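Here is a brief report on one protein model. Look over the sequence and the structure first, then read on.

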Amino acid sequence: MSDVTILGLPIANHVIVGSGLLTDQERNIRRLIERGAGAVVTKTIHPTPPQGLDERIVRLPVGMLNSTTYSKRSVNHWLRVLRSFADDRLPVIASLHADSPAELAALAKDVEATGCRALELGISCLNEEDGLEDDNPDRVYAYTSETRSRTSLPMSVKLAIGEGLQDRVRAAIAGGADAVTVSDTISGAAVSPATGDLELNGVFGYSGPGIKPLVLAAIWQLRRRGINLPVLGCGGVGSGRDVADYLSVGATAVQVYTALHTDMYQTLERILAETGELIGPRTDAAPVPAGRESEGAVI
């Protein structure tokens, strides 16, 4: 796999480690990059993450449910860590969210001052106490445009598949996004065979192989409908075949996360090796289907 560029970052390959519990520690992020990750997205940094929530993961026969939200580490901690990554020129993307567009914009400005070179706006997490019941284009535009007004850093907006995705993507583009990450977790539930109650006592984020066909369809449809900005495909990636499939439907790069909860470094190395065997020297994103209008930003 030859060098590619995403969000202005020159990266060694198309495989990016997505945001989550595994990327909440500086040591893990550094080791993932050492083991070959093209880039790593931090766990989502939030000025005031929810406190006292019962944050857990439940492994399912296919995939995983999680009730986690944002990093519990302070913003000041992350600013120090991001400055260290920047000093070492590591391909790290800072995932950010806040309780309002103005707070998110202020956080992005502080992160830019560390030398961090790229952002992902994690605005679609559904695991907060009240859930995310109304992720609509107006909300996406408000968070994206306010953040763009305070930083020039390349940024991707992470969105969940589902109703109105095309309109939400267009809102992100209008607000100044350079890319979109598709998809965040989707609503899921599992019943405990022991109690008959819902695992985690509610509906939370589902990720894993079961989401992959849905995300592939969503990205393919976005490309068919003229959305031409970079897309970071995310959902159910556990092999080089999965990476190749995402690139085939129009993803520019591919995020892997849930699969890494088993043998994190070995799993990453396997996926990288399999991807290299399948896609070889390819350095560009899959072409947008011919005859469709283009829209969006350059990689």
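## A buried charged pair

Lys 212 and Asp 242 are both buried. This is a predicted model. The two residues form a salt bridge, with their closest N and O atoms 2.7 Å apart. Lys 212 lies in helix α6 (residues 212–224) and Asp 242 in helix α7 (residues 240–248), so the pair ties together parts that are 30 residues apart in sequence.

The pair also belongs to a network. Salt bridges with shared partners join Lys 212, Arg 241, Asp 242 and Asp 245.

## Other salt bridges

The structure holds eleven salt bridges. One of them brings together the side chains of Asp 135 and Arg 139, at 3.0 Å from N to O. Asp 135 and Arg 139 are both buried.

Glu 269 forms a salt bridge with Arg 35, and here the closest N and O atoms are 3.4 Å apart. This pair links distant parts of the chain. Glu 269 sits in helix α8 (residues 264–279), while Arg 35 is in the loop between α1 (26–34) and β4 (39–41). The two are 234 residues apart in sequence, yet their C-alpha atoms are 6.6 Å apart in space. Glu 269 counts as partly exposed because its relative accessibility is 35%. Arg 35, at 30% relative accessibility, also counts as partly exposed.

## The overall build

The protein has eight helices and 14 strands. Of its 299 residues, 55% count as buried. Take the contacts with a separation of 6 or more: residues 24 or more positions apart account for 70% of them.

## Nonpolar cores

In soluble globular proteins, nonpolar side chains tend to be buried together. Here the largest nonpolar core has 77 residues. Leu 96, Val 111, Val 169, Val 182 and Leu 268 touch the most other members of this core. A second, separate core has 13 residues, among them Leu 9, Ile 16, Ile 93 and Leu 232.

What does Leu 96 contact, leaving aside its neighbours within four places in sequence? Its partners include Thr 44, Ile 45, Leu 104, Leu 107, Val 111, Leu 119 and Gly 122.

## The surface

The accessible surface of the protein comes to about 12300 Å². Carbon and sulfur atoms hold 48% of that area. Val 191, Leu 198 and Val 203 make a nonpolar surface patch of about 250 Å².

Val 191 is found in the loop between β11 (186–188) and β12 (204–207). Is Val 191 buried or exposed? Val 191 counts as exposed, because its relative accessibility is 53%.

Notes
Residues are numbered from 1 along each chain as its sequence is written. This is a predicted model: local features need pLDDT of at least 70, side-chain atom pairs count only at pLDDT 80 or more; totals for chains, interfaces and linings use all residues. Side-chain values use heavy atoms; hydrogens and water are left out. A nonpolar core is a set of buried Ala, Val, Leu, Ile, Met, Phe, Trp, Tyr and Cys residues joined through side-chain atoms within 4.5 Å. Buried means under 20% relative accessible area, exposed over 50%, partly exposed in between (1.4 Å probe, protein chains only). Contact means heavy atoms within 4.5 Å. Helices (H or I, at least four residues) and strands (E, at least two) are DSSP runs, numbered from the N terminus. Accessible areas come from the Shrake-Rupley method with a 1.4 Å probe; for residues, only the protein chains shown count as cover. Patches are made of residues with over 30% relative accessible area and no salt bridge: like charges are joined within 9 Å, nonpolar side chains (Val, Leu, Ile, Met, Phe, Trp, Tyr) within 5 Å. A salt bridge is a side-chain nitrogen of Lys or Arg within 4 Å of a carboxyl oxygen of Asp or Glu.
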